[in-house]
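Take a look at the model below before reading on. The paragraphs after it go from one region to the next.

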Amino acid sequence: MRVRGFGELEAAVMDRVWDHDPYTVTVREVFEEMAQQRRIAYTTVMSTMDNLHTKGWLGRERHGRAYRYHATMTREQHSADLMRA
């Protein structure tokens, strides 16, 4: 996995996932938290989380009809990797 900074929306999503760590979260949970602070579409959050999964930052497991996502590294590990890079 290549270490790099996140885009603005990716960083906002990762912050919410890390805030729930070590628990898993759904797109709906992240969307509802973000929608309280900014105007955003559910599909935008879903696409961003899918992209983060594709990039290796999020893992996911099917839970019924939805996916439950979890961070593949802690916020501290990510910060340390950025400083090393």
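This is a predicted model: local features need pLDDT of at least 70, side-chain atom pairs count only at pLDDT 80 or more; totals for chains, interfaces and linings use all residues.

Residues are numbered from 1 along each chain as its sequence is written, and side-chain values use heavy atoms, with hydrogens and water left out.

Start with the charged pairs. Side chains of opposite charge can pair when their charged atoms come close. The term salt bridge here means a side-chain nitrogen of Lys or Arg within 4 Å of a carboxyl oxygen of Asp or Glu. How many salt bridges does a search of the whole structure find? The search finds six.

One of them joins Glu-10 to Lys-55, with 2.5 Å between the closest N and O atoms. Glu-10 sits in helix α1 (residues 8-20) and Lys-55 in the loop between α3 and β1 (58-63), so this pair ties together parts 45 residues apart in sequence. Helices (H or I, at least four residues) and strands (E, at least two) are DSSP runs, numbered from the N terminus. Is Glu-10 buried or exposed? Glu-10 is buried, at a relative accessible area of 11%. Lys-55 is partly exposed, at 38%. The cut-offs are under 20% relative accessible area for buried and over 50% for exposed, with partly exposed in between (1.4 Å probe, protein chains only).

A second example pairs Arg-75 with Asp-19, where the closest N and O atoms are 2.8 Å apart. Arg-75 belongs to helix α4 (residues 75-84) and Asp-19 to helix α1, so the pair ties together parts 56 residues apart in sequence. Arg-75 is partly exposed, with a relative accessible area of 29%. Asp-19 is exposed, at 57% relative accessibility. Asp-15 joins Asp-19 and Arg-75 in a network of salt bridges.

Another salt bridge brings together the side chains of Arg-68 and Glu-29, at 3.6 Å from N to O. Arg-68 lies in strand β2 and Glu-29 in helix α2, so the pair ties together parts 39 residues apart in sequence. Glu-29 is partly exposed, at 30% relative accessibility.

Now turn to α2 itself. Which residues of α2 are buried? They are Val-27, Val-30, Phe-31 and Met-34. These residues cover an arc of only 100° around the axis, so they fall on the same side of α2. The arc is taken from the directions from the helix axis to the C-beta atoms. The cover over these buried residues includes α1, α3 and β2. Contact means heavy atoms within 4.5 Å.

Arg-16, in helix α1, is in contact with Val-30, Glu-33, Met-34 and Gln-37, leaving aside neighbours within four places in sequence. Arg-16 is buried, with a relative accessible area of 14%. The C-alpha atoms of Arg-16 and His-78 are 15 Å apart, and the two residues are separated by 62 residues along the chain.

Rolling a probe the size of a water molecule over the atoms shows where empty space is left. The largest pocket has a volume of about 200 Å³. On a 1 Å grid over the protein atoms alone, where a 1.4 Å probe fits, a pocket is an open set of points with protein on both sides within 12 Å along at least five of seven lines, and lining residues have an atom within 4 Å of a point. Grid points are joined across faces, edges and corners, and the volume is the space filled by probe spheres set on the points.

Which elements each supply at least two residues of the lining of the largest pocket? They are α2 (27-35), α3 (42-54) and β2 (66-71). The lining includes Val-27, Tyr-42, Asp-50, Arg-60 and Tyr-67. By class, the lining has six nonpolar, one polar and four charged residues. Ala, Val, Leu, Ile, Met, Phe, Trp, Tyr, Cys and Pro count as nonpolar, Asp, Glu, Lys and Arg as charged, and the others, Gly among them, as polar.

Thr-26 also lines this pocket. Thr-26 is placed in the loop between α1 and α2 and is buried, at 12% relative accessible area. Not counting residues up to four places away in sequence, Thr-26 touches Met-49, Tyr-67 and Arg-68.
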